[in-house]
Amino acid sequence: MEPKSQFPNLWGYDGKLVYDEIIQATENFDDKYCIGRGGSGTVYKAEMSSGEVFAVKKLDFWDSDMGMENLKSFKREVATLSEVRHRNIVKLYGFCSRGENTFLVYDFIERGSLWEVLRSEEKVIEVDWVKRVEILKGVAEALCYLHHDCVPAIVHCDVTTKNVLLDVDFEAHVADFGTARFLKFDALHSTDVAGTHGYMAPELAYTSKVTEKCDVYSFGVVSLEVLMGRHPGEALLPLQSSAQKAIEMEALLDPRLACPQRGKLLSELSSLVSIAISCVQAEPHLRPNMLNVCRLMGLN
């Protein structure tokens, strides 16, 4: 993806000018520019006078308690994304907090979320098995970078198909670090836990200790969703049992796409099914780490 030329770093630019232009570009955050809503804010498309396009996440403040939580989320996202540099992680250009408006400025990722693509009968046909394999490899590499290359390690805490964005070439970009946690080496980080139901690791129901294995579980759910074309839902439970080996691979593949009968692609899909099942095991110690996941995928 081409880097933005006008604002390579909003911290090094005149913040008031950038703020004013974003307000103008979105007509003070008019709903017609809205491209997504999340638990802590709304995302708008902002086309600048230069023709460059950004995604602007504006935090919602509707009462004092929620406002404080959103502000904490905002600060976490800025701290996290300002430290990471990876082709499969959405680039943060800057932030602004002025008056009633607090927002983050990101790369605009053209095709939107993986969640939307998988649920569109029109768009999903474009995402064939080859593209789906590459999408999962991109997400795996992003998480491997966060867990094993960042010091201290970073746990995303909310890996979902809504937080995986696809660019014009269908390359995956992990987004929304509002719940991210930095892991210190001296202790497990125990704190208030946020995430998305259906993707959260089961241990978070009885403990607030966040580890990299929480992201591994979520990655497994996302992988199954990409393979099946829908969230696995109740199918997760039998996959966590010893009976998993009796499950036919075709039962876990999206019926909207023809299943390959032979060759490298069939082998890759079979491997991804096995990897996904290993990632969603109920016990954290039974899950691989993301470094091993990448190795199993044939990534360096």
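Phe170 is placed in the loop between β7 and β8 (172-174), where strands (E, at least two residues) and helices (H or I, at least four) are DSSP runs numbered from the N terminus. This is a predicted model, in which local features need pLDDT of at least 70 and side-chain atom pairs count only at pLDDT 80 or more, while totals for chains, interfaces and linings use all residues. Residues are numbered from 1 along each chain as its sequence is written, and side-chain values use heavy atoms, with hydrogens and water left out.

Phe170 is buried at 8% relative accessibility; buried means under 20% relative accessible area, exposed over 50%, and partly exposed in between, with a 1.4 Å probe and protein chains only. Cys157 is in the loop between β6 and β7 (164-166) and is also buried, with a relative accessible area of 13%. Phi is positive in both of these non-glycine residues.

| Residue | Phi |
|---|---|
| Cys157 | near 75° |
| Phe170 | near 65° |

Another backbone feature is the cis peptide bond from Val151 to Pro152, with omega near -5°. Pro152 belongs to the loop between α4 (129-149) and β6 (153-155).

The ring of Phe170 has Lys131 over its face, at 5.2 Å from the ring centre. The charged end of Lys91 sits over the ring of Tyr93, 5.1 Å from its centre. A charge counts as over a ring if NZ of Lys or CZ of Arg is within 6 Å of the ring centre and within 35 degrees of the ring normal.

The whole structure holds 4 aromatic pairs. Rings of Phe, Tyr and Trp (its six-membered ring) pair if their centres lie within 6.5 Å; planes under 30 degrees apart are stacked, over 60 edge-to-face, and the rest tilted. Tyr19 and Phe103 form a stacked pair, 5.7 Å centre to centre with 15° between the planes. Tyr19 lies in helix α1 (residues 15-25) and Phe103 in strand β5 (residues 101-107), so this pair ties together parts 84 residues apart in sequence. Tyr19 and Phe103 are both buried. Ring pairs link Tyr19, Phe29, Tyr44 and Phe103 into a cluster.

Strand β5 also belongs to an open sheet of 5 strands, ordered β1-β2-β3-β5-β4 with antiparallel pairing; two strands pair if DSSP finds at least two bridges between them. β1 (34-37) and β4 (92-98) are at the edges with a single partner strand each, so one side of each has no neighbour in the sheet. Strand β3 (residues 53-59) pairs with β5 in the antiparallel sense over 5 bridges. Val56 stands opposite Val105 in β5.
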